[in-house]
Amino acid sequence: MAADSSTLRITPLHKTFIAQVEGVDWTAPISDAIIAEIQKAIDKYGVLVFRKANIDNETQVALTGRFGKLDFMPTVHIKGRFPHTPQIFDLSNLDERGNIILSTNRFLSMSMKGNQLWHADMQYHPHRDKYSILRGVEIPPPGMGGETEFADSRTAYEALSQGWKERVENMVINCSLIHNRRTGAPDLYKDVDPMKWSISRWKAVYPHEGSGRKNLYVTSYGYKIDGMSVEESQKIIGELIAHGTQPQFVYKLSWNNPGDMIMWDNTAVWHRALDDSKFQHKFKRDMRRTNTLDDGPHGWGENDPNNNWRVQVPKDPYAHEKIVPKAAPADLLTAVKVAV
Ligand code: OGA
Ligand code: MN
């Protein structure tokens with residue numbers, strides 16, 4: 001069959017973004033023409049849903065590589081299930097042996113909570129990711145949660161008032177993984193100053209390469225805006241996220257079958273995992289993600305392309321709980337002695 005633009009069936013799922021794609025034969029090599037069609041669709045829709053793709057890790061890595069240079073996962077996220085495939089980012093609720101993480105594993109239970117805040121993948125690095133491809137290998141039973149939400153941050157930008165558009169135009173935001181994680185789980189990194197750790201710098205707005213439309217690039221990684229206090233920054237970042245996640249810009253996607261796969265463009269949409277309380281310690285949710293780096297003109301944002309670092313976080317996220325109290329004043333010690 002001629003590989004023309006009629007090969008795939010593309011069905012929009014929302015008024016302004018996200019589409020379902022049917023017609024890819026995942027059991028056969030994928031032609032360049034099909035890749036070009038997918039590329040065109042992702043440029044337009046920002047998110048593509050492929051139901052029952054049912055591919056394996058290697059195929060997912062190879063597929064992702066067709067859309068750009070592969071990223072690999074920062075060591076802070078590696079749980080050890082796929083030691084030979086660092087390109088697979090393990091987003092499951094499973095430990096390295098594939099068992100469900102129990103609530104007694106405090107850090108692993110809490111460290112994924114930041115994912116439930118609106119974000120764009122790898123904004124906390126100096127070289128951002130463009131595409132994410134997320135595959136559901138095992139999903140919780142119906143009614144047990146585990147959906148993923150997407151927000152159309154290009155349309156949200158266009159809907160800003162003129163005043164806001166001017167305010168955000170040259171705004172630069174210092175972004176931090178520690179900040180996101182602590183917002184998701186306030187026990188983590190309690191007394192840590194994010195500005196003393198890995199900070200990536202991104203403008204609030206960049207043109208989206210594939211469509212030319214402007215995109216609001218403000219998420220829960222945003223910590224401090226240049227020229228403002230943290231408090232002022234948080235207020236503005238919060239208002240912009242609230243603007244971009246009004247119901248008319250949001251689509252909630254259910255994972256219906258194991259093997260479902262979603263591709264999104266982090267430079268055109270935001271996303272978040274929904275509340276995990278119904279399934280977290282009970283049902284397996286085995287999600288595996290691959291990413292491409294953004295090699296476009298804004299891939300490094302306001303960061304130095306000659307300094308490619310990977311995120312670092314304090315070794316002990318609960319260090320604040322172990323601080324030894326300062327020695328009691330001498331007179332108090334004396335008083336105690338006397339009492340004894
Ligand atoms: C991700 C992510 C959300 C989810 O894969 O980057 O944020 O629902 N996932 O697992
Ligand atoms: Mn994510």
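1. The structure holds 19 salt bridges, a salt bridge being a side-chain nitrogen of Lys or Arg within 4 Å of a carboxyl oxygen of Asp or Glu. This is a predicted model, in which local features need pLDDT of at least 70 and side-chain atom pairs count only at pLDDT 80 or more, while totals for chains, interfaces and linings use all residues; side-chain values use heavy atoms, with hydrogens and water left out. Residues are numbered from 1 along each chain as its sequence is written, and chains are lettered from A and ligands numbered from 1 in the order in which they are written.

2. One of the salt bridges joins the side chains of Asp 286 and Arg 81, at 2.6 Å from N to O. Asp 286 lies in strand 15 (residues 286-293) and Arg 81 in the loop between helix 2 (57-65) and strand 4 (89-90), so the pair ties together parts that are 205 residues apart in sequence. Helices (H or I, at least four residues) and strands (E, at least two) are DSSP runs, numbered from the N terminus. Asp 286 and Arg 81 are both buried, where buried means under 20% relative accessible area, exposed over 50%, and partly exposed in between (1.4 Å probe, protein chains only).

3. Asp 286 also meets Arg 288 in a salt bridge of 2.7 Å, N to O, and Arg 288 is buried as well. A network of salt bridges links Arg 81, Asp 90, Asp 286 and Arg 288.

4. Asp 226 and Arg 201 form a salt bridge through their side chains (2.8 Å, N to O). Asp 226 lies in the loop between strand 11 and helix 7 (230-244) and Arg 201 in strand 8, so parts 25 residues apart in sequence are tied together. Asp 226 is partly exposed at 36% relative accessibility, and Arg 201 is partly exposed at 27%.

5. Strand 7 (residues 172-175) runs antiparallel to strand 8 and is joined to it by 4 bridges; two strands pair if DSSP finds at least two bridges between them. Lys 203 is the bridge partner of Val 172.

6. There are 7 aromatic pairs in the structure. Rings of Phe, Tyr and Trp (its six-membered ring) pair if their centres lie within 6.5 Å; planes under 30 degrees apart count as stacked, over 60 as edge-to-face and the rest as tilted. Tyr 124 and Tyr 221 are edge-to-face because their ring centres are 5.0 Å apart and their planes at 65°. This pair links distant parts of the chain, 97 residues apart.

7. The charged end of Arg 128 sits over the ring of Tyr 206, 5.2 Å from its centre. Such a charge is NZ of Lys or CZ of Arg within 6 Å of the ring centre and within 35 degrees of the ring normal.

8. His 119 (NE2), Asp 121 (OD) and His 271 (NE2) coordinate the manganese ion (ligand 2) at 2.1 to 2.2 Å. Donors are N, O and S atoms within 2.8 Å of the metal (3.2 Å for Na, K and Ca); water is not among the atoms, so sites may look incomplete. Asp 121 is buried, with a relative accessible area of 2%, and His 271 is buried at 5%.
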